[in-house]
Amino acid sequence: MNFDFNIFAGQPTLPTIWFVVVGVFWIGYLILDSFDLGVGMLMSRFFAKNEQERRLLLNTIGPVWDGNEVWVVTGGAATFAAFPLWYASLFSALYVPLTLALLALIFRAVAIEYRGKKNDERWINGWNTAISVSSFFIALLVGALLALTSIGLPINSNGDRVGGAFAWASWPVLLGGLSLVGFSLMQGLAFVALKTDGEIRHRARAALVRLLPIALLPITGWVLYMQFTTGNGVSWLCTILAVVAVALGWLSAKAGREGRAFAGLSLFIAFGALAIFTALYPNVLPSTLDASHSLTIANASSSEYTLGVMSVVGLMGLPVILVYQGWTYWVFRKRLRVEHIPAAHDATDLAKLPNKVAAE
């Protein structure tokens, strides 16, 4: 641990810029997809009292949930192009959890699309459970993967994993998994309180105020571990800002200011992730076997030419993503109530309507 603020001195410029860009993609994903994963988990019977409330919850994220996942896809693509050795070592070392995370993402998308196709209680309850369970496992596995990336993996001088298929199974898996599950639940509650009105709004806000100090303990432990092991002046400053942000968010929730509460939690995860990334820098994947085997922005990056071309493409593409997503959230900004949800229908019956009309 040191308190040096000049952490970028002596480091290559373009790899540093793309390390920051990859970090921005992950921060965008953590802010946006965390709340819809949290809402997915809240669709269980532990929070939603009836099917109408579960449909309300699903409608709050309906216009945006798939767009939120753009950030993780783009982040993975940027890592592949800018830091191919980081991508290769990380994905080859973590085949099992990555495959499970991918299956959970697919299962969740299918569950969201299929649950409303048939107006049958057993059918709907099964898909509701699938949404809750898959949302939990996505948060658990993504959090575990990020923790392993920041704390380290047993890789040798070639960047290859040492050990069997489960050599990655260690305490960072539990820490990172619980961190993202806890934060996603809190971000989900904050979003429900912000996007709904009526009884469910007040229930979400009350649960947020009551559970937030406990649910954020794992991610607080993760951030502090990074600071005490590899922290620097910049990462410590980000940590302090994260604490201030979450304190303001919690006080805002107590005061009934849901918008500020959601913003406070978003700033908390943004500054918390910055604290982790800046403490990790210039490493991108530390080796737990030998520090000299760690992958850094210098030895894991693409050529200067490749990074230069990517920079031009990124400057054109990233603003488009930001404008499109900003517009989407603006269009669907109004609160929803249970009364806004229409009666359930059966898609199979609707499919028969054209034939019925033609026959008449």
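How far apart do the end C-alpha atoms of residues 173-194 lie, and how much of the span is helix and how much strand? The end C-alpha atoms lie 31 Å apart, and the span is 100% helix and 0% strand. Helices here (H or I, at least four residues) and strands (E, at least two) are DSSP runs, numbered from the N terminus.

The model is predicted: local features need pLDDT of at least 70, side-chain atom pairs count only at pLDDT 80 or more, and totals for chains, interfaces and linings use all residues. Residues are numbered from 1 along each chain as its sequence is written, and side-chain values use heavy atoms, with hydrogens and water left out.

The chain as a whole comes first. Its secondary structure comes to 14 helices and two strands. The radius of gyration is 22 Å, close to the 21 Å that the globule rule gives for 360 residues, so the chain is as compact as a globular protein of that length. That radius is taken over C-alpha atoms, and the globule rule is 2.2 Å times the number of residues to the power 0.38. Along the principal axes, the C-alpha atoms fill a box of roughly 75 × 50 × 40 Å. Of the 360 residues, 50% count as buried; buried means under 20% relative accessible area, exposed over 50%, and partly exposed in between (1.4 Å probe, protein chains only). The chain exposes about 17200 Å², of which carbon and sulfur atoms supply 69%. Such areas come from the Shrake-Rupley method with a 1.4 Å probe, and for residues only the protein chains shown count as cover. Among contacts (heavy atoms within 4.5 Å) between residues at least 6 apart in sequence, 81% join residues at least 24 apart.

The span in the opening question comes from a UniProt record. Under "transmembrane region", an unreviewed UniProt entry lists several spans, including residues 173-194 and 305-327. UniProt positions are given in the numbering used here, feature names are shortened, and annotations may be inferred rather than shown by experiment. Over residues 305-327 the chain is 100% helix and 0% strand, with the end C-alpha atoms 34 Å apart.

One residue from each of these two spans can be compared by position. Leu-178 is found in helix α8 (residues 171-195) and is partly exposed, with a relative accessible area of 40%. Leu-178 and Leu-307 are 129 residues apart in sequence, and their C-alpha atoms are 35 Å apart in space. Leaving aside neighbours within four places in sequence, Leu-178 is in contact with Leu-140 and Pro-218.

Helix α13 (residues 304-331) holds Val-309, which is partly exposed at a relative accessible area of 39%. Val-309 belongs to a nonpolar surface patch with Tyr-305, Val-312, Val-313 and Met-316, and together they have about 540 Å² of accessible area. Patches are made of residues with over 30% relative accessible area and no salt bridge; like charges are joined within 9 Å, nonpolar side chains (Val, Leu, Ile, Met, Phe, Trp, Tyr) within 5 Å.

Not counting residues up to four places away in sequence, Phe-19 touches Phe-83, Phe-277, Leu-280, Tyr-281, Asn-283, Val-284 and Ile-297. Pro-282 is found in the loop between α12 and β1 (283-285).

Charged pairs come last. Side chains of opposite charge can pair when their charged atoms come close. A salt bridge is a side-chain nitrogen of Lys or Arg within 4 Å of a carboxyl oxygen of Asp or Glu, and by this rule the count comes to 12. Glu-51 forms one with Arg-54, the closest N and O atoms being 3.5 Å apart. These two are three residues apart in helix α2 (residues 51-61), so about one helical turn separates them. Glu-51 is partly exposed at 22% relative accessibility, while Arg-54 is buried at 6%.

Another salt bridge joins Glu-258 to Arg-201, with the closest N and O atoms 2.8 Å apart. This pair links distant parts of the chain, Glu-258 being in helix α12 (residues 258-280) and Arg-201 in helix α9, 57 residues apart. Both Glu-258 and Arg-201 are buried. They take part in a network of salt bridges that also links Asp-197, Arg-205, Arg-335 and Arg-337.
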